[in-house]
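This report describes a structure shown below. Please keep the sequence and the 3D view at hand while reading.

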Amino acid sequence: MDVLYFAWVRERIGHPKDRVDSAPATVMDLVEELRAREDRYAAAFSDLTVLRVAVDQELRDFDAPLTGAREVAFFPPMTGG
Amino acid sequence: MDIRVQEAPFDLGAEANAFAARQTGMGAVVTFTGIVRDLGGDLDAMEIEHYPGMTEKALRAIADEAASRWQIGDALILHRHGRLAPDEMIMMVATASRHRTDAFQAAEFLMDFLKSRAPFWKKEVTDAGADWVAARDEDEDALSRW
């Protein structure tokens, strides 16, 4: 699946997109896998209360399943308008 | 429903006129426009990032929800992204209805939801540096009134 990052999450990780070929069962499993990659990932995912997640472009909770998911995105709370 | 996400500026008058002109039997058109504010007097630019694909879906879902709650004949959401200067227009919404109450309420609903449920992020650029705008609790609280 593709993992996308936006706003300060993208800046902290240093790039906008990763490819993940393992099959994490839930968003939280994916977060744990990313945290283990490098310090900058661990830093970006240190406080999940300041992050939001979308699975296939729909807002979801961190315990959401990733069965069949093609795209997961992490970003801060939105500030449109 | 007309949903547009674009980098280019838009002509508020032309958009409002075109929106009003294509309505039939509507007694009310409400428009709202958001403008880049320079609260501290030192803003060079506002940079707006978004999530292409999800943005359009989220805006459409918000517009559909408004149409299910109020008697609106049509709605327009136009939101810019990229680098904007102070006093430039960021976005607009327009709603059309037979009655003004529905048009006003639907427009407020669109605004409240697109502030915190559509994937846009604002960054303020000043001489001192650039900072992401933090989401405000009031914006989240505003959703509960609907």
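## Chain A

Of the 81 residues of chain A in this predicted model, 28% count as buried; a residue is buried if 20 or more other C-beta atoms, placed from the backbone, lie within 10 Å of its own, exposed if 12 or fewer do, and partly exposed in between. Three helices and five strands make up the secondary structure listed for chain A. Helices (H or I, at least four residues) and strands (E, at least two) are DSSP runs, numbered from the N terminus. Along the sequence their pattern is β-α-β-α-α-β-β-β. The radius of gyration of chain A, 12 Å, is close to the 12 Å that the globule rule gives for 81 residues, so chain A is as compact as a globular protein of that length. This radius is taken over C-alpha atoms, and the rule is 2.2 Å times the number of residues to the power 0.38.

Among contacts in chain A between residues at least 6 apart in sequence, 55% join residues at least 24 apart. Two residues are in contact if their C-beta atoms, placed from the backbone, lie within 7 Å.

## Numbering and confidence

Residues are numbered from 1 along each chain as its sequence is written, and chains are lettered from A and ligands numbered from 1 in the order in which they are written. Because the model is predicted, local features need pLDDT of at least 70 and side-chain atom pairs count only at pLDDT 80 or more, whereas totals for chains, interfaces and linings use all residues.

The model scores ipTM 0.95 and pTM 0.94. Chain B averages a pLDDT of 96, where pLDDT is the predictor's confidence in each residue, from 0 to 100.

## The nonpolar core

The largest nonpolar core holds 52 residues, of which A:Phe6, B:Ile62, B:Ala75, B:Ile77 and B:Leu110 touch the most other members. Helix H3 of chain B (residues 100-117) gives the most to this core, with seven residues. Such a core is a set of buried Ala, Val, Leu, Ile, Met, Phe, Trp, Tyr and Cys residues joined through C-beta atoms within 7 Å.

## Contact between the chains

The contact takes 21 residues from chain B and 13 residues from chain A. On the side of chain B that touches chain A, H3(B) supplies the largest share, five residues.
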